[in-house]
Amino acid sequence: KIFNALKKYIDLNGPPSKDFLLVASKYLEPSKERTELELWADITEKGREGYDTNILKNHLNIYNIVSKYNIKMDFGHFFELASPITPRYFSICSSSKTSPQEIHIAALHRKYTINEGKSEFQGLCTRWLKSIKDNTEIRLRIFSRTSKFFLPKDLNVPIIMIGPGTGIAPFIAFIEDRLFTSKEKGIPFGKNILFSGFRSRTKDFIFEERLKEFVSQGAVQLF
């Protein structure tokens, strides 16, 4: 049962909260390590800077803190203070008009090395998504939240879209939607202008072929 709780409910991969650090420090004898944890748990400007520099910048998670400082925390305390796994939200990159039975998403597989390359950090959900083999049938819960991000109702209204990296995802859906509506109603659409950028054209240029197709159809001006 404990293993199941840790595996399915506790976000061991996420950064520890300040409350977690404060309680964890109480399990240590007075020492430099205890002072560190107390400082990072502090709500002062100095505490915030320490937390940002040592926890967030180094991608330290709950497991790292417990193991690094050899904290023998009561499991009840641990379970109470550790953050639960929360839904990961991704932008949909497909129009419900062109893919009514499917939802397409774009996600960045986050991967870092920490502790001078001794440990590896990966995004919780993207790591799981990457591990799924093609044509594998899975069951999962899907969460949605209300969006205020909509296309103009008038198809003739021009739109300017700015989306670097995976931020381009919803605009792929927008262009698909306008193309479909234009063909369905037999009326032209206004200019679609897209500004996008990627760190590496060979590694990060997602939707390259799709965008080339849109450009060839006159559906978007790409910058």
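**Note on the predicted model: aromatic pairs, a helix packing and selected residues**

1. **Aromatic pairs.** The structure holds five aromatic pairs. The model is predicted, and every value below is computed from it. Two of the pairs are described here, and both involve F75.

2. **F75 with F78.** This pair is stacked. The ring centres are 6.2 Å apart, and the planes make an angle of 25°. Why is the pair classed as stacked? Planes under 30 degrees apart count as stacked, so the 25° between F75 and F78 puts them in that class. Both residues sit in helix α6, which covers residues 75–81. They are three residues apart there, so about one helical turn separates them.

3. **Exposure of F75 and F78.** Are these two residues buried or exposed? F75 is partly exposed, with a relative accessible area of 33%. F78 counts as buried, at 10% relative accessibility. The cut-off for buried is under 20%, which is why F78 falls in that class at 10%.

4. **F75 with F79.** F75 also pairs with F79. This pair is tilted, with 40° between the planes. Its centre-to-centre distance is 5.9 Å. F75 and F79 are four residues apart in helix α6, so they too are separated by about one helical turn. F79 is partly exposed, at a relative accessible area of 37%.

5. **The cluster.** Which residues form the aromatic cluster? F20, F75, F78 and F79 form one cluster. Of these, F75, F78 and F79 have been placed in helix α6 above.

6. **A charge over a ring.** R145 lies over the face of Y89. The distance to the ring centre is 3.9 Å.

7. **Packing of α8 and α9.** Helix α8 spans residues 169–185, and helix α9 spans residues 208–216. They pack at an angle of about 35°. Their axes are 12 Å apart. The crossing is left-handed. On the α8 side, the contact is made by I172, I175, E176 and L179. On the α9 side, R210, L211 and F214 make it. By class, the contact has five nonpolar residues, two charged residues and no polar ones.

8. **R210 within that contact.** R210 lies in helix α9. What does R210 touch beyond its sequence neighbours within four places? It is in contact with I172 and E176, and both of these belong to the α8 side of the packing. The C-alpha atoms of R210 and I172 are separated by 8.4 Å, although the two residues are 38 apart along the chain. R210 counts as partly exposed, at 27% relative accessibility.

9. **R48.** R48 is found in helix α4, residues 45–56. It is partly exposed, with a relative accessible area of 38%. Leaving aside neighbours within four places in sequence, R48 is in contact with K18 and D42. R48 and K18 are 30 residues apart along the chain, and their C-alpha atoms are 9.6 Å apart.

10. **H109.** H109 is found in the loop between α6 and β1, the strand at 111–114. Its relative accessible area is 25%, so H109 is partly exposed. Which residues does H109 contact, leaving aside those within four places in sequence? They are Q122, T126, R127 and K130.

11. **P188.** P188 sits in the loop between α8 and β4, the strand at 192–195. It counts as exposed, at 57% relative accessibility. The cut-off for exposed is over 50%, so P188 qualifies at 57%. Leaving aside neighbours within four places, P188 is in contact with L155, N156 and S182. P188 and R178 are ten residues apart along the chain, and 9.2 Å separates their C-alpha atoms.

12. H59 has a positive phi of about 55°, although it is not a glycine.

How values were computed: Residues are numbered from 1 along each chain as its sequence is written. This is a predicted model: local features need pLDDT of at least 70, side-chain atom pairs count only at pLDDT 80 or more; totals for chains, interfaces and linings use all residues. Side-chain values use heavy atoms; hydrogens and water are left out. Helices (H or I, at least four residues) and strands (E, at least two) are DSSP runs, numbered from the N terminus. Buried means under 20% relative accessible area, exposed over 50%, partly exposed in between (1.4 Å probe, protein chains only). Contact means heavy atoms within 4.5 Å. Axes are lines fitted to C-alpha atoms, for helices over the stretch in contact, and angles run from 0 to 180 degrees between N-to-C directions. A crossing is left-handed if the near helix is turned anticlockwise from the far one by less than a right angle, and right-handed if clockwise. Ala, Val, Leu, Ile, Met, Phe, Trp, Tyr, Cys and Pro count as nonpolar, Asp, Glu, Lys and Arg as charged, and the others, Gly among them, as polar. Rings of Phe, Tyr and Trp (its six-membered ring) pair if their centres lie within 6.5 Å; planes under 30 degrees apart count as stacked, over 60 as edge-to-face and the rest as tilted. A charge sits over a ring if NZ of Lys or CZ of Arg is within 6 Å of the ring centre and within 35 degrees of the ring normal.
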